[in-house]
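Biologist: I would like a close look at one part of this chain. Please set it in the context of the whole, and keep it brisk.

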Amino acid sequence: MDRFLTLTRAARLVGVPRGALQKRIKTGELATFEGLVRSDDLLRLYPEARLEDNSVFERFARIKDEAYTRRVRERVLPDASVLAARVTALSREQAELRAQLSRYRSLVDVLEQRLRERASGADAAAAELHAWLRRELRAGAPAVAPLAVEDGVLRIIAAHVRVQPSGHEFFVEGNESILAAALRTGLALPYGCTDGSCGRCRARVVAGDVRAVDGGADASRPEGRDGVRLCLHTAVTDVVLESPEARGPADIERQHLVGWVRSMKRVAEDVMLLGLQTAPANRLRFLAGQSVTLALGERLIRDYPIASCPCEEGGLQFHVRRGTDAFSAHLFDGLRYGDVVSVVGPEGRFVLRAESANPVLFLAWDTGFAPVKGLIEQAMALDAAEAMHLWWGVRTEGGHYLHNLCRAWADAFDNFTYTPAVPSGAPGPGVRKWLASLGTEAAALAAYDAYVAGPAWFLEAVAPELIARGLAPSQLYAGVVD
Ligand code: FES
């Protein structure tokens with residue numbers, strides 16, 4: 001039976017990024033009906049997505065896990081009561097369909113009998129209709145659509161959530177909370193503590209059933225008319241929520257937090273990955289690509305872009321190059337695990353245009369890779385970009401301090417390419433060559449978004465190259481990282 005599927009569900013079922021489906025919609029290969037696609041059309045484009053190939057879910061999990069090798073994620077089935085509720089809902093739906101089918105079958109039997117009676121009375125039209133009906137009935141039931149079966153499995157192992165008014169969608173897996181699932185998917189829902197105490201994540205459940213996540217603090221407290229706390233609840237069935245997502249930096253308030261040094265990793269002679277942990281009940285709310293001010297005591301203060309994505313659990317990451325300033329000198333020579341660091345922010349407008357499905361160019365110079373890393377991780381979590389291409393320039397061989405991570409992305413995602421570069425002079429010629437290698441003719445580049453991060457001289461060198469090849473200046477986003 002032909003079915004209509006949302007783009008997110010369809011992408012998940014056939015194991016491709018949403019961007020790949022959007023590209024096929026753009027080229028006219030895949031039709032949409034009020035934002036939905038037909039399962040038959042999907043099977044025509046992805047004939048390999050059949051039940052015999054039951055690796056769809058494994059493939060999906062592998063791709064995500066390969067790209068986020070350090071991510072510790074619970075990837076288990078929901079607990080027994082949630083599973084039971086989902087199976088019950090599906091059984092009810094199936095019983096209703098059976099009852100309907102049985103009713104239609106009786107009607108067809110009566111119709112067939114009436115037509116037979118009229119046909120025997122020399123009614124030619126009735127005879128023709130009767131013959132046609134018998135032929136159709138003899139043809140039997142249509143084959144079971146494999147995607148419909150997989151969709152049923154998906155509805156048991158993961159609940160689908162749609163957020164109003166943004167229309168964004170995501171899946172809640174295992175026993176994770178709805179908030180955790182939304183953040184993992186790159187959505188900027190409001191939240192504060194993540195443990196049920198601040199109430200900022202409250203959202204109205206428009207449709208569907210939710211229930212407290214096992215062991216959630218204070219989960220037993222009844223939820224009021226203001227909605228449920230998403231950090232304490234998981235989705236039992238498919239759910240529609242009403243929640244005000246942050247649409248841009250202006251929607252995120254400035255915060256003052258205290259963090260602790262959780263990790264310090266020298267990844268190059270003079271580059272350190274600094275990991276800060278804030279209290280679980282006081283996580284920084286930010287958009288990927290934004291910066292914060294870090295303060296060690298009252299005198300050592302400096303702004304740094306955040307290199308992690310809000311879609312990742314596990315604190316904040318910064319890429320610090322040793323400079324002549326006192327802050328970085330202290331980081332390399334005096335900082336210890338557990339030291340207290342004040343965090344104020346976030347700031348900055350160098351954020352992902354999440355609503356755009358355009359292919360994306362990322363260009364970074366040296367530690368300008370830090371905010372770009374956050375943007376790439378968010379773009380991957382959102383799964384919306386049709387294609388992503390990263391050009392990362394450094395001055396010396398071996399300077400791509402997270403080279404393996406970039407290669408892992410390129411290996412795991414069909415729509416991601418990575419080009420490391422070590423230009424000896426100005427980066428312009430190298431960038432020009434790279435753009436040519438992507439096959440981006442001027443007209444094609446007009447349909448791209450480009451994010452460029454690095455020192456001011458790099459931005460000044462690269463922006464004209466992109467615009468000369470057709471990139472619209474309004475689709476060029478720049479972040480200065482000194
Ligand atoms: S109650 Fe604070 S984030 Fe949910």
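How many helices and strands does the secondary structure of the chain come to? Then take me to the contact of α1 with α2.

Modeller: This is a predicted model. Its secondary structure comes to 14 helices and 20 strands. The chain has 482 residues, and buried ones make up 48% of them. The chain exposes about 23,000 Å². Carbon and sulfur atoms supply 54% of that area. Now take the contacts with a sequence separation of 6 or more: residues 24 or more positions apart account for 71% of them.

Now the part you asked for. Helix α1 covers residues 7–14, and helix α2 covers residues 18–26. Their axes come within 9 Å. They cross at roughly 110 degrees. Angles of 65 to 115 degrees count as roughly perpendicular, so α1 and α2 are roughly perpendicular to each other. The crossing of α1 and α2 is right-handed. On the α1 side, the contact is made by Leu-7, Thr-8, Ala-10 and Ala-11. On the α2 side, Arg-18, Leu-21, Gln-22 and Ile-25 make it. By class, this contact has 5 nonpolar, 2 polar and 1 charged residues.

Next, Leu-36. This residue lies in strand β2, which spans residues 36–38. Leu-36 and Leu-5 are 31 residues apart in sequence. In space, their C-alpha atoms are 5.3 Å apart. Leaving out residues up to four places away in sequence, Leu-36 touches Phe-4, Leu-5, Thr-6 and Ala-31.

Helix α12 runs over residues 428–437, and helix α14 over residues 456–468. Their axes also come within 9 Å, but they cross at roughly 30 degrees. Angles under 35 degrees count as roughly parallel, which makes α12 roughly parallel to α14. The crossing of α12 and α14 is right-handed. From α12, the contact draws on Gly-428, Val-431, Arg-432 and Leu-435. From α14, it draws on Val-462, Glu-465 and Leu-466. These residues divide into 4 nonpolar, 1 polar and 2 charged.

To recap the two pairs: α1 and α2 are roughly perpendicular, whereas α12 is roughly parallel to α14.

Methods: Residues are numbered from 1 along each chain as its sequence is written. This is a predicted model: local features need pLDDT of at least 70, side-chain atom pairs count only at pLDDT 80 or more; totals for chains, interfaces and linings use all residues. Side-chain values use heavy atoms; hydrogens and water are left out. Helices (H or I, at least four residues) and strands (E, at least two) are DSSP runs, numbered from the N terminus. Contact means heavy atoms within 4.5 Å. Axes are lines fitted to C-alpha atoms, for helices over the stretch in contact, and angles run from 0 to 180 degrees between N-to-C directions. Angles under 35 degrees count as roughly parallel, over 145 as roughly antiparallel, 65 to 115 as roughly perpendicular and the rest as oblique. A crossing is left-handed if the near helix is turned anticlockwise from the far one by less than a right angle, and right-handed if clockwise. Ala, Val, Leu, Ile, Met, Phe, Trp, Tyr, Cys and Pro count as nonpolar, Asp, Glu, Lys and Arg as charged, and the others, Gly among them, as polar. Buried means under 20% relative accessible area, exposed over 50%, partly exposed in between (1.4 Å probe, protein chains only). Accessible areas come from the Shrake-Rupley method with a 1.4 Å probe; for residues, only the protein chains shown count as cover.
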